[in-house]
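This report looks at one helix and its packing, and then at the charged pairs that join separate parts of the chain.

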Amino acid sequence: MTVAAVVLLRSLTPADRGAVEAMTRSTGFFHEDEVAIAVEVFDAAVAGTSDYEALGAEVNGALAGWMSWGPTPCTLGTWDCYWIVVDPAHQGEGIGSTLLGAMEQRLAGRARLIVAETAGRDDYGPTRAFYERRGYHAQSRIPDFYAPGDDQVVYVKYLTAAVRP
Ligand SMILES: CC(C)(COP(=O)(O)OP(=O)(O)OC[C@H]1O[C@@H](n2cnc3c(N)ncnc32)[C@H](O)[C@@H]1OP(=O)(O)O)[C@@H](O)C(=O)NCCC(=O)NCCS
């Protein structure tokens with residue numbers, strides 16, 4: 001039986017950079033160029049850009065998960081969920097769900113639509129199940145998007161709260 005972790009959500013700081021990079025790489029889900037982009041997004045978020053927001057999840061005083069999201073340029077109230085990563089040692093303990101729920105809470109009144117892009121490969125099956133169990137709908141699939149045989153699946157979740165102009 002998996003035991004739910006006691007999760008402390010907190011802001012990320014530049015001191016988390018190494019842990020974020022190592023954790024993202026350690027999942028085995030991302031190519032090195034993707035890890036580099038994740039760290040760039042982390043850097044921009046902790047620097048305070050309006051393009052990205054980020055959040056960390058601690059378990060027993062150590063960073064066990066992080067995520068980032070941001071407003072989709074040239075849209076009204078559409079936001080992209082860019083990265084969500086949980087340390088493999090803590091996956092399945094509810095940390096990803098806590099992070100995703102916290103993002104949604106923080107977007108209440110600001111977001112109309114949340115979009116999350118992921119892969120259609122078999123090894124991403126648990127990731128797709130994660131989004132689906134949390135109310136995200138697989139809206140589109142682009143065959144061979146990432147590489148031949150590596151489709152993109154776009155998940156969407158429409159929020160009911162009104163968006164402030
Ligand atoms: C996808 C991910 C963020 C989910 O976070 P998590 O903390 O493991 O997920 P939770 O414990 O909150 O939720 C578990 C659910 O997610 C799914 N899941 C995805 N990966 C899982 C894993 N490695 N172990 C257990 N459950 C996993 C299960 O369907 C499970 O379903 P349930 O709600 O019926 O139990 C995390 O597993 C992860 O970092 N995966 C690798 C990187 C990745 O795929 N990121 C998203 C890229 S788009």
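Helices, as the word is used here, are DSSP runs of H or I with at least four residues, numbered from the N terminus. The model described is a predicted one.

Helix H1 spans residues 17–26, and within it Val-20, Met-23 and Thr-24 are buried. These residues lie on the same side of H1, because the arc they cover around the axis is only 100°. In general, an α-helix has 3.6 residues a turn, so residues three or four places apart point the same way. The packing partners of the buried residues of H1 are helix H2 (32–47), strand S3 (62–71) and strand S4 (78–86). After H1 comes Gly-28, which has a positive phi, near 75°.

## Salt bridges across the chain

The structure contains 10 salt bridges. One of them pairs Asp-43 with Arg-17, with 2.8 Å between the closest N and O atoms; Asp-43 belongs to helix H2 and Arg-17 to helix H1, 26 residues apart. Asp-43 is partly exposed at 27% relative accessible area, and Arg-17 is likewise partly exposed, at 37%.

A salt bridge also joins the side chains of Glu-53 and Arg-110 (2.8 Å, N to O), linking strand S2 to the loop between helix H3 and strand S5 across 57 residues.

In the salt bridge of Arg-121 with Asp-150, the closest N and O atoms are 2.9 Å apart, and the pair ties the loop between S5 and helix H4 to strand S7. Arg-121 is partly exposed, at 24%, whereas Asp-150 is buried, at 8%.

Conventions: Residues numbered from 1 in each chain as written. Predicted model: local features only at pLDDT ≥ 70, side-chain atom pairs only at ≥ 80, totals over all residues. Heavy atoms only, no water. Buried < 20%, exposed > 50% of the residue type's maximum accessible area, 1.4 Å probe, protein only. Helix = DSSP H or I, 4+ residues; strand = E, 2+ residues; numbered from the N terminus. Arc of directions from axis to C-beta. Contact = heavy atoms within 4.5 Å. Salt bridge = Lys/Arg side-chain N within 4 Å of Asp/Glu carboxyl O.
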